[in-house]
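Good morning, and thank you for coming. Please take a moment to look at the structure, after which I shall go through it one part at a time.

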Amino acid sequence: MLLVLEQALNGLQYGVMLFLMAAGLTLVFGIMNLVNLAHGSLYMVGAYLATALARWTGSFVLGGLLALPATLLVGVVVEVVALRTLYERDHLDQVLATFGLILFFNELVAIVWGRAAIYTSLPPSLSGSFMLLPGLRYPTYRALVIGVGVAAAVFLYVLVTSTRLGMLIRAGASNRTMVAALGVNIRWLYTLVFGLGAALAGLAGLMAGPIYAVQPGMGEQILIQVFVVIIIGGIGSIRGAVAGALVVGMVDTLGRAFLRPTLSTIVSPAAADKAGPALASMLIYLMMAAVLFFRPQGLFPTRGR
Amino acid sequence: MLARRDGERDLEDTVRTIIRAVLVGLLTSLVAVGPASAEAVKIGFITSLSGPAGIIGKHMKDSVELALDHLGRKVGGLDVELIYGDDQQKPDVGKQVADEMLKKHKVHFVSGIIWSNVMLAVAPVVTREKVFMIGTNAGPHQLAGKDCSEYFFTTSWQNDQTPEAMGKYMADQGLTDVYIMAPNYAAGKDMLSGFKRYFKGRIVAEVYTQVNQPDYQAEISQIRAANPKAVFVFYPGAMGIQFVKQYAQAGLREQIPVYSVYTIDEVTLPALKEAALGNWETRYWSPDLNNEANTKYVSDFRKKYGYTPSFYGAQSYDGIMLIDSAVRAVRGDLANKAGMITAMRKADYKSTRGPYKYNVNHFPIENFYLLRTVRTPDGEFAMQIQKTVFESHKDAYAKECGMKW
């Protein structure tokens, strides 16, 4: 039973990470109607900047705090320089251009920091594990990731539901033309939303740094799951991103942990050994296919489209 | 434009072949022949140059270039043309790259390849055209057994061999209740079956994870719950960095030791450092292996590139040296494929692992060592040979290979 609880925590932690990525991606897609494949690159940039700044300042926390505005700045520059011209183009052009950005950022990072994975470390206070319940030890850093992720989700919720900016974001997701017609500077709103999305991706990246290998191309490994999340949740919807991320995080983690043992009680252990890992890695895609079939607009679609 | 140039080259090649045949016919009756032609040796080198495995590709490419430096930019006395190809760690892309090398560049040798699934897609395409495939990493069991070919050689190992050495060492230590894990692809399966061939103790669970999976926390929680005496893993490249880091953060490092193959090496160690200190690996090569060729390779590599080479590099360096020995033996007559096969079977070159022999399936019969991560006096982290586990170890599949020589 404790093991199920522990795996649920793992699923929550993975879901939180996916949410931070998905929130930015879904906002940009929903409001700006822009397919941004380079979202994973911003995640990578966040991880690299946090690692470099932590080394420079000598403090893990300070590095993280500085990396956030730095990634936001990178996002704003990318939007102003490259993406602004793409809003009126069709999705295929956007996919091509942002794929180009992926290559650009991967090479840039390889030139600046080298092709090898770089060394990331945690302060001793975060690197161990602690007793969560009797008999259940949990890595301190993973617990911190859950905490920060939930805080970011709450912040986003408040921002979107109870501020003027949030109102504009929601309005932009529902009907862009009307927002522009009401005299809102839509260009300014776009830059802001993209910067916010970049900062969230950067936050996911800087938290991923100490757990994953920080190296060129790390963004593409998580990007596919993030797309699954926003398709399941409903494109453009923050609520959908929360739900989708948690569902994908839980299903993937629990599937990896328990599918094979469960299967072996139904079919022969040998068959379970063969089918288990393959099926576990397919689960989230099967789920996405089911959502697309029964509810193509996603679980929590934005209204008015 | 390209097509026309190819056509011209075809015609040129045909004419050249006819002239050469006539000349050779005339000359052989008169005097001993020199090199049959002055054409360049073309070598296509396929590895992963982009994506997360790009760093492994860099180790290999840098080593190929160093080998060419050592040979004075000639292979077997002939000029050399190297064409690098990026397989992106995908079998279909690897096959396309190989096709292009064969058809467009008309290479004499294809070399390289990190991943077993890519190798299984590429090797048959190359050997079918009677072009040499010189593997410098992946050693899937199919190519060592029933699918062996006289045009396939490798300077590395058969996948099962290295985990066999670790299985033997762990069995000798009297360990039992071991939890074993690998990514779910061709090599992962070979690695675990090799381990089980020599490890006779109890295996708690055999777990396969997704290739390039970044997060192992779910699996690590399962390990903690199963509470085995030891863990054995095969996680090459970035997968290894992620697994080992996360295992340490989960606080399991002090409780359940991890033994591994191809997980902690000169590619991953700079990113792991103390998270890998004291860990055990088995391998056929190490930078501290003491022989003339290896000392030269390692010191010149460090001098030229400023980092420590890995086994991926040593194998690729050896690959070029093996090709050099073959071309030298036939005095540059690249049409004499039988002669080159005979030459390569002798492994007559200065290998970085020291002298070795080829088995009937063209896989090396070589030593395997136990390695440990240590901290060197200057504060760096390095792999060091502790002892020899197997001497002149043969792979388990050679008897399924029909070649006789």
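**A sheet in chain B and its surroundings**

I begin with two strands of chain B: strand β1 (residues 41-47) and strand β3 (residues 78-86) run parallel and are joined by seven bridges. One place to look is Thr47(B), which stands opposite Asp86(B) in β3(B). Please keep in mind throughout that this is a predicted model.

For those new to the subject, strands of a sheet pair through backbone hydrogen bonds, and the pairing may be parallel or antiparallel.

In what order do the six strands of the open sheet in chain B lie? The order is β2-β3-β1-β4-β5-β6, and the pairing is mixed. At the edges are β2 (74-75) and β6 (152-154) of chain B, each of which pairs on one side only.

Let us now consider chain B as a whole. The chain contains 13 helices and 14 strands. Its C-alpha trace spans about 75 × 40 × 40 Å along the principal axes. A compact globule of 405 residues would have a radius of gyration near 22 Å, and chain B has 22 Å, so the two agree. Of its 405 residues, 52% count as buried. If we take the contacts in chain B between residues at least 6 apart in sequence, 72% of them join residues at least 24 apart.

How many helices and strands does chain A have? There are twelve helices and two strands. Read from the N terminus, the elements of chain A run α-α-α-α-α-β-β-α-α-α-α-α-α-α. The C-alpha trace of chain A spans about 65 × 50 × 35 Å along its principal axes. For 305 residues, the expectation for a compact globule is a radius of gyration near 19 Å; chain A has 20 Å, which agrees. Here 50% of the 305 residues count as buried. Among contacts in chain A between residues at least 6 apart in sequence, the share joining residues at least 24 apart is 77%.

Helix α1 (residues 2-32) and helix α11 (residues 238-266) of chain A pack at an angle of about 145°, and their axes are 7 Å apart. The crossing of α1(A) with α11(A) is right-handed. Sorted by class, the contact between α1(A) and α11(A) has 16 nonpolar, nine polar and one charged residues.

Finally, I come to the place where the chains meet. Chain B gives 30 residues to the contact and chain A gives 32 residues. Which elements of chain B each supply at least two residues of the side that touches chain A? They are α2 (54-70), β8 (203-209), α8 (217-226), α9 (238-249) and α10 (269-272) of chain B. The residues on this side of chain B divide into eleven nonpolar, 13 polar and six charged.

That concludes my presentation, and I thank you for your attention.

Terms used:
Residues numbered from 1 in each chain as written. Chains lettered and ligands numbered in written order. Predicted model: local features only at pLDDT ≥ 70, side-chain atom pairs only at ≥ 80, totals over all residues. Helix = DSSP H or I, 4+ residues; strand = E, 2+ residues; numbered from the N terminus. Rg over C-alpha atoms; globule rule 2.2 N^0.38 Å. Buried ≥ 20, exposed ≤ 12 C-beta atoms within 10 Å, placed from the backbone. Contact = placed C-beta atoms within 7 Å. Nonpolar A, V, L, I, M, F, W, Y, C, P; charged D, E, K, R; others polar. Axes fitted to C-alpha atoms, helices over the stretch in contact; angles between N-to-C directions. Left-handed = near helix turned anticlockwise from the far one by under 90°. Pairing = 2+ DSSP bridges.
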